[in-house]
Amino acid sequence: MLLTAGLGLATAVVVIAQAWLLGNATAPVVEGRATLADVLPLVGGLAVAFGLRALLVGVQERYAHRAATRVVAELRIGVLEKAVGLGPRWLAEGNAASTTTLVTRGLDSLEPYFVRYLPQLLLAVTVTPVVLLVIAGLDLLAAGTILFTLPLIPVFMILVGRLTQRYADERLVVMQRLGTQLLDLLAGLATLKALGRERGPGRRVRELGEAYRRTTMQTLRVAFLSGAILELLATLSVALVAVGIGLRLVFGELDLTTGLVVLVLAPEAYLPLRQVGAHFHASADGVAAAQEAFGVLEEDEQPRGRVPAPDLRTSTVSFEGVGVRAPGRDRWAPADLSGTVRPGRVVALAGPSGAGKSTAAAVLLGLVRPDRGRVVVRPASGAGVDLAEIDPRTWWDQVAWVPQRPALLPASVLANVLGADAPAGAVDEQVRRAATLTGFDEVVASLPQGWATPLGHGGVGLSVGQRQRLALTRALLGSQQLVLLDEPTAHLDAASEARVADAVRTLARAGRTVLVVAHRRAVLDLADDVLDVVPLDQAEPSAVTA
Amino acid sequence: MTAVAAPGLREQHRALVRCLRLLDLRRGRLAWAVTAGSLGLGSAVALIAASGWLIARASQMPPVLDLSVAVVSVRAFGISRALFRYLERLASHDVALSGMGALRERLYSTLAAGRADAVVGLRRGDVLTRTGADVDAVGDLVVRALLPAAVTAVVGLGSVVLVAVFLPAAAVVLAACLLGAGVLSPWLTARAARRAEVALADERAELSATALTLVDSAGELQVSGRTTTLLAAVSRTDARLAVQADRAARPAAWAAALNLAAMGAAVVGALLLGVPATTAGTLAAVELAVVVLVPLAAFEATSMLPAAAVQLVRSGAAAVRVTALLDAAQPDGTPSAGSPSVGVAETSGAPSTLGARGVACGWPGGPVVLEGVDVELRPGRAVAVVGASGVGKTTLLLTLAGLLEPRAGSVRVGGRDPWPLDRATVSETVVLTAEDAHVFDTTVLENLRVARGDVTPDEARAALVAAGLGPWLAGLPDGVETRLSTDATTVSGGERRRLLLARALLSPAPVLLLDEPAEHLDAAAADALVTDLLETGRGDRGVLLVTHRLSALGAADEVLVLGHDGDSLADADAPPATGGPGAGPARVVARGTHADLVARLPAYAWALAQEDTGVVDVGPSARPTVLPPDVRTDQR
């Protein structure tokens, strides 16, 4: 930014020097007072001035984007961090898609804002006033003309903008609708073909295209008006200045040198303003993106607990009347869940699909705050602590979670199992054994480079079942006391399911607590305790459960 | 150009030329746009030339009347500049918009008449949605690249001629400088843009993928403490993006500097040549001002060119995608759907039956995923197809519907091969409702009329109620006239399925092919729906449905189990691409009635046992009602 401001001031100086040199090199020759030899130093100076101005523009183009890239990168990380912190529930409320769009495409529109719009705005507040001052020093009347017309530009633009805004907005809505419908017909072509009705809409595409053109043109006729006003005022003012100078020259009120200098300078006073107008849309998009980003950053995060989590090896975890309202619906899933998870036991969360088993698991993980009831952690000795008061980091350190669709990180298979700091190369015996137990060894065997195969973007994808086996292997290798498995066998056949059951038994033998979400018999049979999750289709759960 | 970009470049140019032809630009309108643009920018040059002349002449203190022409022209040029610019913008956008309309229409008609498999394949990955943006990018070429280039050429030439009238030598210098700025600087910019486009595309894709993972698996990553790992990955990608952007900025900076340097050279050149000429008397003193000042305005034209070059690169990439799409849909080899349908009189089978003998299917260019399938379908018969996901159930449906060419064997619809047949003819007998069938951005009624043009509102309401959408319909503000948007804000997954079902039931075809009609429904609702659909087959319709739930298949006349030898039914893992045990085409591993398969096939019985019993507490609104007979028999 400092660079841009410095460049702005330097540009102002060079622009003035350039005009002065040009006027002084030309006028004496026109008046027949000088030859090339007399003005040669001035011409040389002019060449230097042009060179400097080219250099300034080059430097601006070369480095201006750096600040933009930095700001975009910072906002990107900030928004992502915040979105993750706001948790799955916030993301599920329709914020996931908009956040992804914002951090991938939205924030990129900040770049033209920083690289094009802001520098011109800076030039408008540096070059324009300095040039105006110099003109005033040379010819007060010309300066007066410019000073009078300059403010008219924003005034007229705002006025025209105000008058046409509603009309343009209405048209814009129609325009967008027509645009979507056109795309919609293209997108639905496969469906139309399947029904043998692809021929009819051909005419509709033409009609829509024609309607789209008409509406857009109506919008543009109005939208281009403000640009035209700007252009008109800028050029007409220059013309008026030129005519004014000409008439005063005739009467000898002004000398030619001054006249030429002012003539060359006058357009320079308007140039930054014209550029600001030209890049106005870039600014609008950029501001919108920035506002959206700050909206996310200012979102209220639930206060995090500060109490360190009790040792889960000796503590029990209890659901006490936990109810979660399904977003936007009169449904509680789970409705009123109570039950205790004791250390070292295999506990199943059972219930039909949609009952809220996964939500109950998310509550236990501290990712979703229950709308009703609470989860309490009770150490062997001492008072119980509400999960909401526990520092999530200390809680998560003791929990391993295998979700329904485990994430793949862009790294090797081994790094995905062991974490980012996995040593490259040799796979130790322990990892192999865990993989054999979960059946992940078969998955690894089918991959082109075995354990070293890169996963994620640009690498190999894994099916949901394969990912779950990967995550289960990771859980097996970890040392977290509580292992939470969400439908670990939903995508598996009988043989694979038996393996998962073996893995659960191994975990239990190691003294770890297992909480498993399941509705299949083979898994439910493993459980020491079963918690039944029941939903309720009602606005308030108390009516029934009381 | 770098060696990497060179082949793509030629391809881009070819694609651009082809797309431009398809834009079918209205020449008169385009010529007017160029004229208006040239007059607008020419006014700027004329303004400074006239002002220079006026001031220089005025300094000689002539009678004021001598100046009146100059004064009037200066004022006129001050106004005409903005006026013509406004007209030019309107004209150019008008030309581009109608061109884009023509291209869209051409694209639509080519795709509609072209190979069905190309279109059906395209739906995946939303290529078509991107196509909209690509068409816009091609259209932008007119406004942002072609027009500025043409205007620059005209105004540049005009300026040179103007200067040549006074001092030919200075005109030569100006021409050289304009050429340098007008060719070299866009070339540099285009190079930078192309480099950025190639290098940044990968990084951007990676950034999106990582951001998506972060947002999709936020909870899991937080619990396992891996958020920082991914955020670090985002930072690294951003850093690489910054390096690339920095590298691309260098030629762009040169381009910008070059334009100003060229302007400086032209002005200095004019002075160096003009001053001695004035002293020598070969150039009038007043004209020196014109010769020196004209370059100041003339280079405004070339300053538009770098942006035009960037647009050229962007439009080029878009044009390549658009032409690739057109080529994919070219009806090469297959009789075009536009040609009259073959052999109308040929009816070797009952008109309303669908039969397949030894059919093998697969996507063109891909492997054969399924082979040796025999199916017989006629009104009154209901068949279910089950199998692991990825086994080729959907591919089979597309082949039976005539949307994919069978790789072996034969398909007969009403006794004729449906693949080369006109789609409208095929759909008199067979219609397919795909799993991802489209819900159009229009009213509920119009969405149903996609199946049959003359559906009345009453018929529509009956069909919706029959498909279990009664309560949903009651909640719509304008009933069947309510507008649906394509995003899922008004229609949930389950409601969408039922809407598609209502559409299928309204179609006049006697044979219905349905892909996963019960997806997104809970177990009980799914089973009730599948039972209903299979019962539909008892009337005068034939139904073939693909499903992954077995519980309700007791109502089917026949169940086909697809798979590989040794596979179990529920094994949804092992995508064939990894070359696991599932490689090679699948086939019908078993067929029979539901009861028969339960008794005979342990894997079938096991998979059935794993399913929810369907005794699930669902809201009353979620359960579809039994289809009333009037909808089942609604045909004409």
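A: Let's call two residues in contact if their C-beta atoms, placed from the backbone, lie within 7 Å. This is a predicted model, so local features need pLDDT of at least 70 and side-chain atom pairs count only at pLDDT 80 or more, while totals for chains, interfaces and linings use all residues. For bookkeeping, residues are numbered from 1 along each chain as its sequence is written, and chains are lettered from A and ligands numbered from 1 in the order in which they are written.

Take the contacts in chain A between residues at least 6 apart in sequence: 80% of them join residues at least 24 apart. The chain holds 18 helices and nine strands (DSSP runs numbered from the N terminus, helices being H or I with at least four residues, strands E with at least two). With a radius of gyration of 35 Å, well over the 24 Å that the globule rule gives for 546 residues, chain A is more spread out than a compact globule (the radius is taken over C-alpha atoms, and the rule is 2.2 Å times the number of residues to the power 0.38). Its C-alpha trace spans about 110 × 60 × 50 Å along the principal axes. Buried residues still account for 51% of the 546 (buried: 20 or more other C-beta atoms within 10 Å of the residue's own, these atoms being placed from the backbone).

Now zoom in on an open sheet of chain A. Five strands line up as S6-S7-S8-S3-S9, with parallel pairing (two strands pair if DSSP finds at least two bridges between them). At the edges sit strand S6 (399–402) and strand S9 (529–532), each pairing on one side only. On average, neighbouring strands are turned by 15° against each other, direction ignored (axes are lines fitted to C-alpha atoms, for helices over the stretch in contact, and angles run from 0 to 180 degrees between N-to-C directions).

Five bridges link strand S7 (residues 482–486) to strand S8 (residues 513–517) in the parallel sense, and Asp486(A) has Val517(A) in S8(A) as its bridge partner. Helix H10 (residues 357–365) of chain A packs on this sheet, touching strand S3 (346–350), S6, S7 and S8, with its direction at about 155° to that of S7(A). Helix H15 (residues 464–477) of chain A lies across S6 and S7, running at about 165° to S6(A).

Setting aside neighbours within four places in sequence, its contacts include Leu364(A), Leu365(A), Trp401(A) and Leu515(A). Leu484(A) also joins Leu265(A), Val516(A) and Ile55(B) as the residues that touch the most other members of the largest nonpolar core, which has 393 residues (a set of buried Ala, Val, Leu, Ile, Met, Phe, Trp, Tyr and Cys residues joined through C-beta atoms within 7 Å). Helix H8 (residues 227–280) of chain B gives the most to this core, with 27 residues.

And the partner? Chain A puts 119 residues in contact with 134 residues of chain B. Helix H2 (residues 36–104) of chain A gives the most to chain A's side, with 32 residues.

Technical notes. A residue is buried if 20 or more other C-beta atoms lie within 10 Å of its own, exposed if 12 or fewer, and partly exposed in between; C-beta atoms are placed from the backbone.
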